[in-house]
Amino acid sequence: MEEIRKSNHKNYLPSYPFSTEEIIEKYILFNPKNSFKLFAEKIEKDAKKDWERGRKFLERQGLKAAENCKRISEIFMDVKGEENSQLIEEIINMDYQSVVDFFQLLKSYFQENEEVYQNLSSIVKSFQKMRKVSEKHTNIINKELIQTLNS
């Protein structure tokens, strides 16, 4: 049986005060090989944590998403530049719906590349399934609420 515990996720990126479009254009598209490699590593790491917590369905969906990220990473050429590991970590640490929204928008940038587009579609489906399973035990920390409480 899956362990049900309250967990907290954000629906925003605390260190990046840019729009999602700006983040994609400035960071993800600048070095897609590295970005998708980091996505794969972070998602796989989280999937292993889900396995340890007895969340086998979440683990399976996470591993599927990580594998799709690895496939996308292999499509692109390596670009020398800074790693975006903090950004990638913050994206995957958002609540599942926010991650779905992020990858859905990212997918729109790759409509001309069928292979990347299909892999991104699979990632979106995996996170949608994860959201559906976990929505009952996830608290979402909202940036506007935190700003109101701190006022």
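Me: With which residue does Glu89 form a salt bridge?
Reply: Glu89 forms a salt bridge with Lys42, and their closest N and O atoms are 3.7 Å apart. The two residues link distant parts of the chain, 47 residues apart, with Glu89 in helix 4 and Lys42 in helix 2 (residues 32–52). A salt bridge here is a side-chain nitrogen of Lys or Arg within 4 Å of a carboxyl oxygen of Asp or Glu. Helices are DSSP runs of H or I with at least four residues, numbered from the N terminus.

Me: Before we go on, what kind of model is this?
Reply: This is a predicted model, in which local features need pLDDT of at least 70, side-chain atom pairs count only at pLDDT 80 or more, and totals for chains, interfaces and linings use all residues. Residues are numbered from 1 along each chain as its sequence is written, and side-chain values use heavy atoms, with hydrogens and water left out.

Me: Is Lys42 buried or exposed?
Reply: Lys42 counts as buried because its relative accessibility is 6%. Buried means under 20% relative accessible area, exposed means over 50%, and partly exposed lies in between (1.4 Å probe, protein chains only). Glu89, at 32%, counts as partly exposed.

Me: How many salt bridges are there?
Reply: The count comes to six salt bridges. Among them, Glu44 pairs with Lys48, with the closest N and O atoms 3.8 Å apart. Glu44 and Lys48 both lie in helix 2, four residues apart, about one turn of the helix.

Me: Which residues are joined into one network?
Reply: Salt bridges that share partners join Lys42, Asp46 and Glu89 into one network.

Me: Changing topic, which residues gather in the patch of positive charge?
Reply: Lys56, Arg60, Lys64, Lys125 and Lys129 gather there, on the surface. A patch takes residues with over 30% relative accessible area and no salt bridge, and like charges are joined within 9 Å. Lys and Arg count as positive.

Me: Which helix gives the largest share of the positive patch?
Reply: Helix 3 does, with three residues. Helix 3 (56–75) and helix 6 (114–134) each supply at least two residues of the patch. Lys129 is found in helix 6, and its 41% relative accessibility makes it partly exposed.

Technical notes:
Patch = residues over 30% accessible without salt bridge, like charges linked within 9 Å, V, L, I, M, F, W, Y side chains within 5 Å. Areas by Shrake-Rupley, 256 points an atom, 1.4 Å probe, with all protein chains shown as cover. Charge placed at Lys NZ, Arg CZ, Asp CG, Glu CD.
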